[in-house]
Amino acid sequence: MTSLLNAWFPNVMSRLPEFFNSLVQTLVMVGVSGVISFFLSLIIGVGLIVTRRNGIRRNGVVFNILDKLIDLFRSIPFIILAAALVPVTRLLMGTAIGPKGAIFPLVVGITPFFSRQIESALAGLDPGYIEAAESMGMSTWQIIWHVYLREGIPAIIRVTTITIVSLVGETATVGIVGGGGLGDFAIRLGYQRYMYDVTIATIIVLVIFIALIELFGRLLAEVIEH
Amino acid sequence: MNHRIPVVEIRNLTKIYRSGEEEDKTALADVSLDIDAGDIFGVIGLSGAGKSTLVRCINGLEGYDSGSVKVRGREVQDLTPADLRSLRQRTGMIFQHFNLMPSRTVAGNVELPLLEGSVWKHQRAARVAELLELVGLSDLADHYPAELSGGQQQRVAIARALANEPDILLSDEATSALDPNTTKSILQLLRDLHDSLGITVVLITHEMSVIRQICNKIAVIDHGTIVEQGKVFDVFADPQAQLTKSFIATTSNLDKITDLLAQDSPLVALEPGQVILRMSYVSKEVSEALVSYISRAFDLDVNIIFGDIDVVDGSPLGGLVVKIAGTDDHIKGALEYLKSRNIGIEILKS
């Protein structure tokens with residue numbers, strides 16, 4: 001087995017610690033920026049849902065600000081956004097390179113997408129649930145907590161899975177602007193130094209990683225749904 | 001509360017849906033009606049007539065453009081958000097598609113309106129058990145809505161709507177998604193709750209049979225306007241508006257005779273000395289054995305072709321189509337007698 005791996009992935013096998021380190025960096029970047037972005041996106045997504053035209057707290061000003069900001073950030077290609085954010089990243093995190101420097105641009109890059117996903121997940125809830133909750137005399141906060149967020153859980157899990165897959169892609173992109181992780185590993189060695197086996201090994205690891213995320217997300221949603 | 005003040009008082013209510021691109025749509029135009037405490041008030045109309053909008057103005061789910069909606073003496077549109085919520089807590093609502101929360105059990109759904117406020121968890125559990133008992137679903141407390149039949153889901157929704165002890169229950173097409181037998185049992189439940197809790201029911205439907213089964217008052221709505229309203233018995237006995245008449249025709253099979261006559265069916269073939277007659281019960285005082293009386297007193301053979309008599313708001317309503325055989329004098333005498341007993345008479349064929 002080892003000899004087979006050595007034969008097929010010589011450059012990976014000779015750099016195993018670095019390879020694992022890159023994998024861990026990717027997991028850390030996905031995990032930390034994913035968790036931060038998840039909470040921000042819940043707030044923004046819920047904000048959009050309650051302030052929209054037929055929302056329970058209709059508010060055109062708030063809705064339009066959130067809506068336009070999302071469109072603005074989503075219209076910037078992520079690699080350019082990450083580059084543009086370098087001064088702010090340095091100010092906030094103290095560094096713009098490595099996993100630490102990657103987290104801020106990743107959060108800024110994924111949150112608009114994630115917020116839209118959360119918005120559409122919540123918009124897919126039967127409006128009858130909301131109307132029933134309103135007819136019971138529940139407050140806005142109660143409806144958000146007891147109805148939107150609770151009944152929305154299966155859909156939120158599904159869009160979170162989709163978002164994590166996108167986020168893994170973005171972590172590879174920040175690798176280019178000094179972010180570290182598997183993307184950086186594959187680009188630096190596999191692409192720039194023609195170590196093709198490094199690229200292939202990275203692809204295999206990412207495909208397995210994403211398949212696991214999707215499997216986990218699907219099982220979780222199935223268990224929760226009645 | 002002074003019992004002479006209606007629980008719901010609607011005056012000249014007008015609601016217009018405005019949207020930028022399309023033409024404005026008038027949902028309600030100059031609607032006025034009073035709903036008294038203890039009424040089971042039915043609002044009937046075709047889909048899109050504005051009845052759902054009307055009921056949503058009562059609990060403030062919809063605003064309105066002009067006119068007034070007073071619930072328990074207070075203008076709905078002028079309530080603060082907190083007061084509006086307390087109005088809604090005292091005004092239960094049930095829906096066509098039940099709108100139960102799928103992630104919660106039956107007990108969890110019933111508990112939902114109780115989550116607010118200072119009710120302790122064990123007190124809530126006791127109240128939930130009480131409510132489920134009331135709708136006959138105690139043994140399904142731990143099931144999820146998806147595991148229940150439509151009728152059971154609507155029972156859960158009714159228990160949920162009653163959680164905060166409301167004195168008004170709004171029912172928005174609550175039986176429209178149910179089969180006829182389940183519809184009957186849900187309506188019976190509403191009636192029982194009305195009788196035992198004294199709750200006022202406002203019921204929206206497109207089925208006249210629903211109104212006939214449990215309402216005491218009716219308003220017929222067409223294109224946002226009330227075309228007829230009154231006590232159910234009076235409206236059924238003597239409908240004025242064309243729409244009301246067509247709704248009533250759907251609840252009775254007495255009109256089938258017209259088809260049979262048109263087809264010259266053997267059922268309606270006459271021999272000399274026979275007439276076909278429609279007798280309509282339109283007065284609340286009918287209680288005698290009319291058919292056997294005229295048969296004996298005027299020496300007639302009375303053959304009932306159709307019968308459709310129902311008890312509406314405590315009195316028989318409907319009629320019979322009969323074939324009568326006898327001498328002309330005797331038939332004439334019988335008709336006079338029936339007219340004197342306030343029976344509507346119509347000779348269909350002679």
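**Exercise 1.** Leaving aside its neighbours within four places in sequence, with which residues is B:Val110 in contact?

*Solution.* The structure is a predicted model. Contact requires C-beta atoms, placed from the backbone, to lie within 7 Å. Once neighbours within four places in sequence are set aside, the contacts of B:Val110 are B:Val128, B:Leu131, B:Leu132, B:Val156, B:Ala159, B:Arg160 and B:Ala163.

**Exercise 2.** Determine which residues touch the most other members of the largest nonpolar core, and where this core lies.

*Solution.* The core comprises 148 residues, and B:Val110 and B:Val202 touch the most other members. Helix H7 of chain A, residues 98–123, contributes the most to this core, namely twelve residues. Domain 1 (8–90 + 166–249) and domain 2 (256–349) of chain B both supply residues to this core, so it lies between them.

**Exercise 3.** Describe the secondary structure and the extent of chain A.

*Solution.* Begin with the elements: chain A has twelve helices and zero strands. Its pattern along the sequence is accordingly written α-α-α-α-α-α-α-α-α-α-α-α. Next, the C-alpha trace of chain A spans about 70 × 45 × 25 Å along its principal axes. Chain A has 226 residues, of which 42% count as buried. Finally, consider the contacts in chain A with a separation of 6 or more: 70% of them involve residues 24 or more positions apart.

**Exercise 4.** Characterise the pairing of strands E12 and E13 of chain B.

*Solution.* Strand E12 (residues 301–312) and strand E13 (residues 315–325) of chain B run antiparallel and are joined by eleven bridges. Within this pairing, B:Ile309 is opposite B:Gly318 of E13(B). The two strands form a hairpin with two residues between them. In the turn, B:Asp313 has a positive phi of about 45°.

Conventions:
Residues numbered from 1 in each chain as written. Chains lettered and ligands numbered in written order. Predicted model: local features only at pLDDT ≥ 70, side-chain atom pairs only at ≥ 80, totals over all residues. Pairing = 2+ DSSP bridges. Helix = DSSP H or I, 4+ residues; strand = E, 2+ residues; numbered from the N terminus. Buried ≥ 20, exposed ≤ 12 C-beta atoms within 10 Å, placed from the backbone. Contact = placed C-beta atoms within 7 Å. Core = buried A, V, L, I, M, F, W, Y, C linked by C-beta atoms within 7 Å. Domains from an automatic or database assignment.
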